[in-house]
Amino acid sequence: MIKRIFFPLLFLLLLFSGCAVSNKNYKPNKKYSRSQLQNDFSLLRNILEQKHPALYWYTPKDSMNFYFDSLNKSIADSMTELQFGWNILAPLTQKIHCGHTSFSMSKGWNRYIANKIIPSFPLYLKVWGKGDTMVVLGNLNPKDTVFKKGTIITAINGLTNHEMVAKMFQYLSLDGYADNVNYIRISSNFPFYHRNAFGLYKNYRVDYLDSAGNAQKILLPMFIPEADSLIKKNKLPPGNGLTQRQIKKERRDAFRSLHIDSSNNTALLTLNTFDNGEGKHLRPFIKRSFKHLAQQHIKNLILDLRSNGGGDINMSVLLTKYLRNSNFKVADSSYAMAASFRPFTKYITQGRLSNIGLAFVTKKHKDGFIHFGYWERHIFHPRKKYHFDGKVYVLINGLTFSASTIFCNAVKGQKNIILAGEETGGGWYGNSGFLIPDIVLPVTKLRVRLPFFKIVQYNHITKKGSGVTPDIFIAPTVEGVKRGKDRKMELVKDLIKKDNLSSL
């Protein structure tokens with residue numbers, strides 16, 4: 001019989017805390033009283049109600065009031081930071097349907113948990129198809145001969161795949177109803193999300209299909225790491241055989257890269273972020289890349305935005321200038337509920353600096369809102385020098401978010417540009433962003449992201465709630481997961497080869 005472990009997860013963590021080498025004063029199992037937690041919750045509610053620009057965009061005010069009241073009542077006496085975050089704050093932020101509004105643990109917790117492997121469900125699973133399909137990606141038990149990569153899972157502890165995913169989604173934020181981002185989040189760390197949604201079990205009853213396609217059941221024990229595996233598992237030996245220059249290049253390439261396939265007259269431009277900080281030097285990289293494409297007379301471009309969660313909107317605009325054939329704006333409207341973060345400034349990261357900046361870039365209009373007029377008024381023009389006019393395939397999926405979704409909206413429908421892959425996680429009609437600090441709750445130090453501006457996209461679609469849809473839909477497949485191949489990339493390269501042959 002499956003037995004759920006009801007004692008707190010933190011008790012298990014403490015069994016392995018002897019491996020911690022820093023942050024010794026942080027106490028992850030500290031309990032907070034109900035009044036303390038309700039003070040944090042009340043402050044959060046006040047800030048959201050007064051400052052969040054899209055609190056009622058998808059959820060009516062009476063419904064949000066119900067969620068605020070019911071979650072406040074469900075705060076138990078004596079909860080840990082982890083319990084308060086996942087049982088109260090995560091469900092609350094999910095109800096807003098804003099992908100930029102999510103909770104995160106305190107900095108103390110993140111330092112404490114860094115590089116630890118903790119007890120969990122032992123399988124990493126790829127999830128898609130409205131949660132109906134789950135396929136093994138990896139196994140924390142390397143000696144297990146049953147659950148190999150590509151094995152299809154049909155149920156865990158009596159819950160179907162769809163039921164499990166529906167439960168996990170109750171803790172995960174999203175833009176409108178564009179839930180594709182959350183399938184990818186769950187796929188990136190299934191043990192983490194399963195543990196926080198369902199707790200830990202000594203054993204898991206797993207239903208699966210064997211290699212012949214027959215339904216099977218097995219009792220799978222919880223993964224408990226050995227003590228040695230908890231110490232800086234990802235720490236590389238000094239130098240790792242690379243020079244400092246090589247290390248910096250590898251780090252930059254993880255964010256952006258350009259590769260040319262001369263034989264197919266094709267370039268692959270990967271942009272995993274629009275964040276221009278941390279030595280990425282994104283602006284000069286984009287400029288150099290399109291100069292190189294022009295000099296090499298490249299006719300086909302694959303632009304990979306599948307891991308691009310956004311960043312600096314100016315980088316998105318710069319990329320658009322090199323690809324779009326006509327003038328464009330970023331937003332039809334961009335406005336805030338208030339002119340500053342006052343009287344909550346001290347709870348907002350960089351709140352005082354933001355208040356100063358907002359005074360210079362915003363203005364109150366007759367509608368009563370505080371508008372960021374630059375993005376509403378400014379018309380951007382295509383770059384003439386090194387503008388790319390060849391065939392462009394833009395690879396997208398649920399992680400294509402925020403500023404990268406704004407780019408997708410700007411180029412979608414242009415004759416020479418095709419969006420391929422899956423629906424973006426960022427809202428197509430619009431989203432909330434531009435300025436996104438953290439609210440730091442004074443008692444628990446838990447953080448909640450607070451977007452300050454509501455953005456309605458330039459030439460937006462009429463129906464809100466979806467992500468940008470691809471022109472060519474390319475879904476994952478069980479065989480693709482089993483082979484470990486990039487199916488989207490393979491199919492796009494095949495299309496380019498066929499086009500090249502047809503043009504001969």
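Predicted model: local features only at pLDDT ≥ 70, side-chain atom pairs only at ≥ 80, totals over all residues.

Colleague: Where does T273 lie?
Modeller: T273 is in the loop that runs between β13 (266-271) and α10 (282-295).

Colleague: Is T273 buried or exposed?
Modeller: T273 counts as buried, because its relative accessibility is 9% and the cut-off for buried is under 20%.

Colleague: What lies 2.8 Å from a polar atom of the T273 side chain?
Modeller: That's the backbone nitrogen of D275.

Colleague: And which residues is T273 in contact with, leaving aside neighbours within four places in sequence?
Modeller: F255, K280, L282, N308 and G310.

Colleague: OK, on to α10. How do α10 and α11 pack?
Modeller: Their axes are 10 Å apart, at an angle of about 10 degrees, with α11 covering residues 313-323. So α10 is roughly parallel to α11.

Colleague: Which residues meet there?
Modeller: From α10 you have L282, R283, I286, K287 and F290, and they meet N314, M315, L318, L319, Y322 and L323 of α11. By class, that contact has 8 nonpolar, 1 polar and 2 charged residues.

Colleague: New topic: in what order do the strands of the β4, β22 and β21 sheet come?
Modeller: The order is β4-β22-β21, an open sheet of 3 strands with antiparallel pairing. β4 (103-104) and β21 (438-440) are the edge strands, each pairing on one side only.

Colleague: How many bridges join β21 to β22?
Modeller: There are 3, and β22 spans residues 447-449. For instance, V440 has R447 in β22 as its bridge partner.

Technical notes. Residues numbered from 1 in each chain as written. Heavy atoms only, no water. Helix = DSSP H or I, 4+ residues; strand = E, 2+ residues; numbered from the N terminus. Buried < 20%, exposed > 50% of the residue type's maximum accessible area, 1.4 Å probe, protein only. Polar contact = N/O pair within 3.5 Å; in protein donor to acceptor, adjacent residues only side chain to side chain. Contact = heavy atoms within 4.5 Å. Pairing = 2+ DSSP bridges. Axes fitted to C-alpha atoms, helices over the stretch in contact; angles between N-to-C directions. Parallel < 35°, antiparallel > 145°, perpendicular 65-115°, else oblique. Nonpolar A, V, L, I, M, F, W, Y, C, P; charged D, E, K, R; others polar.
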